[in-house]
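Please read them beside the structure.

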Amino acid sequence: MRTVRPFALLAAVALLAPPLAAQRRDQPVTIVVDRLFDGRGGQMRHVTVFVDRSRILRVEPRPIEQPTFRFDDATLLPGLIDVHVHITAYVNRAGRMHTGRDGDTPAQVAFSEAANAARTLAAGFTTIQSVGSADDRDLRDWIADGGLTGPRILTSLDPITDASLSPDSLRGLVRARARAGADVIKIFASKSIRDGGAQTMSDVQLQALCGEAHAQGLRTVVHAHSAASMRAVTLAGCDQIEHGVFATPEVLQLMAQRGTYFDPQCSLIFRNYLDHRNWFQGIGNFTAEGFEAMEQAIPVAVAVIRQAVATPDLKLVFGTDAVAGAHGHNAEDLVCRVRQAGQKAMDAIVAATSTNATALGLADRIGAIEPGMQADLIVVDGNPLDDITALQRVLLVMKAGRVVHDDQTLAQRPGLR
Ligand SMILES: [Zn+2]
């Protein structure tokens, strides 16, 4: 795993510090870079990106003299998006996954959550969808307008899991989430992979949940592992399926026909648990059998992504399911998709930018480089098409036109010295 250097963390966490690069407000910020990916599969060479306040002003096909930032052998692309994280999950100071009973104070919880957000942003992820915890809401709002540094957050608040409830009660829960400020509804339609992944919610329950969410103007993301549960979720008209470790070619084709987004995980979620058993072992279903199930799921999960990539018209998004200890390592799953699952590097990048933005209903604002879009931009070291691990070497992160992470040496910033 990439370790986040203390300096980078401190820089990202500092709440009221001025931007590391002293941006002047009266003129556009300019970035000269020798390679640009637009987030939709297009690329340009030797360009200057002009940023005016929070938005992309234009891209010129030539490098200007005296830019604010200049990068050699680097790639500029839209800020990355992760459509499935658990941003409030963290490892406490005793080296255990935080639970409500570990004695952490409210301040310790809040700072740990804020640190997760800062790590995620410094790793180049400028937007995340967190599914779910009720705590997400305050983090979302304090980042949006409370001065806290972190990615743009969309949240489901608490997920809906209780398969013993009537369709009417489930509809009521959806309306309660909507009233509480949820951006999306998260539903569990199957058991955890650690418990076999079989369908829990019935077809009628799923129709009630996803139908009510749509009536409230909200999208639905649904946890489903077994092929039967994935099929039921798709036929119920839900928007996006998470995980799908036991997907079959038939159910993936059905999803492609129905336009259901698919969000499978490749590596990070499994490796984070398996490489750090001591953080989790003995809590809930983190038993020896649970770890064994995850170990066995890894090659299956990779094969499912391979199958998904080969399924025509399937809308493949990018979500890591980052949990305690995994925040800031999100790009590991992009590396896995390309190196292990055979997805083309540009396709993996498009998934994590414009396809994700579309799945979130934000395609008119983020996920692509185009005049008028939010200036969510990152610069990475090298060319991700030659070496996908370039995405793990983030040199610069700009969110809504503000530099929030700058990993260069001063000598590389000609416009500032
Ligand atoms: Zn999850």
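1. Start with N356, which is buried at a relative accessible area of 0% (buried means under 20%, exposed over 50%, partly exposed in between, with a 1.4 Å probe and protein chains only). N356 sits in helix 12, residues 345-359. Leaving aside residues up to four places away in sequence, N356 touches I81, D82, V83, V317, F318, V350 and A351 (contact means heavy atoms within 4.5 Å). The C-alpha atoms of N356 and I81 are 6.4 Å apart, yet 275 residues separate the two along the chain.

2. This is a predicted model: local features need pLDDT of at least 70, side-chain atom pairs count only at pLDDT 80 or more, and totals for chains, interfaces and linings use all residues. Residues are numbered from 1 along each chain as its sequence is written, and side-chain values use heavy atoms, without hydrogens and water.

3. Now the zinc ion. H84 (NE2), H86 (NE2) and D321 (OD) coordinate the zinc ion at 2.1 to 2.2 Å. H86 lies in the loop between strand 6 (80-85) and helix 2 (106-122), and D321 in the loop between helix 10 (288-309) and helix 11 (332-339), so the pair ties together parts 235 residues apart in sequence. Helices (H or I, at least four residues) and strands (E, at least two) are DSSP runs, numbered from the N terminus. D321 counts as buried, at 10% relative accessibility.

4. Last, a helix pair. A227, M230, R231, T234 and L235 in helix 6 meet V251, L252, L254, M255 and R258 in helix 7. The residues of this contact divide into seven nonpolar, one polar and two charged (Ala, Val, Leu, Ile, Met, Phe, Trp, Tyr, Cys and Pro count as nonpolar, Asp, Glu, Lys and Arg as charged, the others, Gly among them, as polar).

Note on methods: Donors are N, O and S atoms within 2.8 Å of the metal (3.2 Å for Na, K and Ca); water is not among the atoms, so sites may look incomplete.
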